[in-house]
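Here are my notes for your review, as numbered points. Please read them alongside the sequence and the coordinates.

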Amino acid sequence: MKGKIAINKELCKGCKYCVTSCPKGVIAIEKQFNKMGYFPAAPQHMDKCTGCAFCAQMCPELAIEVWITDNDKNNTKKNRRSAGAEKT
């Protein structure tokens, strides 16, 4: 199985909970700030994502959405939906 995440940069406040909770190091903090003046998280190594959704579970702003793709069946399903996350 392969995972994919989307982070709504405008909802993210840069708390880094997702960064520290990701066991594969998929997420990093951007160098460009968002409209609210925070440095948001962003997926950097999507090829390593397993779809575990630890990042989405830790996000206090519900800014992360996670999908899991079953490579054998080519099916995609959401692991955890968070309000406001957009595809990146």
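How many helices and strands does the secondary structure of the chain come to?

1. The chain has two helices and five strands. Along the sequence they run in the pattern β-α-β-β-α-β-β. Bear in mind that this is a predicted model.

2. Of the 88 residues in the chain, 34% are buried. The accessible surface is about 5,500 Å², and carbon and sulfur atoms account for 51% of that surface. Among contacts between residues at least 6 apart in sequence, 54% join residues at least 24 apart.

3. Strand 1 (residues 2-7) pairs with strand 4 in the antiparallel sense, over six bridges. Within this pairing, Ala-6 stands opposite Glu-65 of strand 4. Strand 4 covers residues 64-70, and six of its seven residues are buried, so the rest of the structure largely encloses this strand.

4. The largest nonpolar core has 16 residues. Those touching the most other members are Ile-5, Ile-7, Ile-27, Cys-55, Ile-64 and Val-66. Strand 1, helix 2 (54-58) and strand 4 are the elements that each give two or more residues to this core. In soluble globular proteins, nonpolar side chains tend to be buried together.

5. There is one aromatic pair in the structure. The ring centres of Phe-33 and Phe-39 are 6.1 Å apart and the ring planes meet at 85°, so the pair is edge-to-face. Phe-39 has a relative accessible area of 40%, which means that Phe-39 is partly exposed.

6. Lys-4 places its charged end over the ring of Trp-67, at 5.8 Å from the ring centre.

Notes:
Residues are numbered from 1 along each chain as its sequence is written. This is a predicted model: local features need pLDDT of at least 70, side-chain atom pairs count only at pLDDT 80 or more; totals for chains, interfaces and linings use all residues. Side-chain values use heavy atoms; hydrogens and water are left out. Buried means under 20% relative accessible area, exposed over 50%, partly exposed in between (1.4 Å probe, protein chains only). Helices (H or I, at least four residues) and strands (E, at least two) are DSSP runs, numbered from the N terminus. Two strands pair if DSSP finds at least two bridges between them. A nonpolar core is a set of buried Ala, Val, Leu, Ile, Met, Phe, Trp, Tyr and Cys residues joined through side-chain atoms within 4.5 Å. Rings of Phe, Tyr and Trp (its six-membered ring) pair if their centres lie within 6.5 Å; planes under 30 degrees apart count as stacked, over 60 as edge-to-face and the rest as tilted. A charge sits over a ring if NZ of Lys or CZ of Arg is within 6 Å of the ring centre and within 35 degrees of the ring normal. Contact means heavy atoms within 4.5 Å. Accessible areas come from the Shrake-Rupley method with a 1.4 Å probe; for residues, only the protein chains shown count as cover.
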